[in-house]
Amino acid sequence: MVSKSGSSDRAKKEALRKSYADYASNGSNSGNKNETDFESFREFHKAREERYRKMRRKTEVAQIRKNLAQWDVNVHSEYSGVSLKNIGTRKSEKLIKTITADKNNRSVFVYADEPKGREKLIYGLLRDYVNMGATSFSQILHLTENDLTLWATTGFQGQNRFDEKLDDSNINTIVVHGFSDKSYTEKELRLLENAISHCFYENKTLVFSSGAQLGTLSSLLTDSGASLLRSVVGKNVVNV
């Protein structure tokens, strides 16, 4: 059996061989080229990779600008154009510091007892993620208390609707809005835990906006649900 690393190494060597063949058969100085002229080849290969890199970056920047424009058109006017930087408060600065400390984990739990200010921070954070190229308006699923209450009280139809939203392969970020320490039904909490579990096992970003601190919110969940929530957000817990 061939290991993945061995197969990958052979693929790289084959690509390099083909690239060298392109180089050796290209250009007006072919008469001076030597089959072992690897130094010149490296320069040729480096220049070509740099051109490709610039082309990719140009395409990425254009897509990000398009995504930002789409975001600002589709979100509520109150949040259009809002980023953490231009909010410019201690709370937003604290959130910026938290999410930039671990670039490998964009999931975050945000607690604030004032709903309107908390939501502004969340939408500023999400726009920053769009600006990073990490997501877009159409790749974000928003889940509210009202959503889960509706799906929890409409039987199989509600469960199917919830599952369809979670299973959308286009979604890479799930935002949970407004949960607090009030009383929830078992079905509502089960749906919430399913969303958390989905982020954990499918490697989705979870942005959890809460009116209760993490410890309080976790106490409403099962042990496994609380453990998954803490695993997903890691150290990215912000009390503002």
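Q: How many salt bridges does a search of the whole structure find?
A: The search finds 4 salt bridges, and the model in which they occur is a predicted one.

Q: Why is the pair of Arg-127 and Asp-72 called a salt bridge?
A: The closest N and O atoms of Arg-127 and Asp-72 are 2.7 Å apart, and since the limit between a side-chain nitrogen of Lys or Arg and a carboxyl oxygen of Asp or Glu is 4 Å, the pair qualifies. Arg-127 belongs to helix α5 and Asp-72 to helix α2, 55 residues apart, so that the pair links distant parts of the chain.

Q: What makes Arg-127 buried or exposed, and in which class does Asp-72 fall?
A: The relative accessible area of Arg-127 is 15%, which is under the 20% limit, and Arg-127 therefore counts as buried. Asp-72 comes to 21% relative accessibility, a value between the limits of 20% and 50%, and Asp-72 is therefore called partly exposed.

Q: How do you know that Glu-78 and Lys-116 form a salt bridge, and which parts does the pair tie together?
A: Their side chains meet at 3.8 Å, N to O, and because this lies within 4 Å, the pair is counted. Glu-78 sits in the loop between α2 and α3 while Lys-116 is in helix α5, so the pair ties together parts 38 residues apart in sequence. With a relative accessible area of 36%, Glu-78 is partly exposed, whereas Lys-116, at 52%, is over the 50% limit and therefore counts as exposed.

Q: What makes the pair of Glu-145 and Lys-182 a tie between separate parts of the chain?
A: The two residues form a salt bridge in which the closest N and O atoms are 3.8 Å apart. Glu-145 lies in helix α6 (residues 145-152) and Lys-182 in the loop between β3 (173-179) and α8 (186-202), so parts that are 37 residues apart in sequence are tied together.

Q: How many aromatic pairs are there, and why is the pair of Tyr-79 and Tyr-123 stacked, tilted or edge-to-face?
A: The count comes to 8 aromatic pairs. For Tyr-79 and Tyr-123, the ring centres are 4.4 Å apart, which is within the 6.5 Å limit, and the planes stand at 0°, which is under 30 degrees, so the pair is stacked. Tyr-79 lies in the loop between α2 (38-74) and α3 (84-87) and Tyr-123 in helix α5 (residues 115-132), so this pair ties together parts that are 44 residues apart in sequence. Both Tyr-79 and Tyr-123 are buried.

Q: How do you know how the span of α5 compares with the expected value?
A: Helix α5 has 18 residues and reaches 26 Å from its first C-alpha to its last, close to the 26 Å expected at 1.5 Å a residue. At the start of α5, a side-chain oxygen of Glu-114 comes to within 3.1 Å of the backbone nitrogen of Lys-116, and the helix is followed by Gly-133, whose phi is positive, near 85°.

Notes. Residues numbered from 1 in each chain as written. Predicted model: local features only at pLDDT ≥ 70, side-chain atom pairs only at ≥ 80, totals over all residues. Heavy atoms only, no water. Phe/Tyr/Trp six-rings, centres within 6.5 Å; stacked < 30°, edge-to-face > 60°. Helix = DSSP H or I, 4+ residues; strand = E, 2+ residues; numbered from the N terminus. Buried < 20%, exposed > 50% of the residue type's maximum accessible area, 1.4 Å probe, protein only. Expected span 1.5 Å × (residues − 1). Polar contact = N/O pair within 3.5 Å; in protein donor to acceptor, adjacent residues only side chain to side chain.
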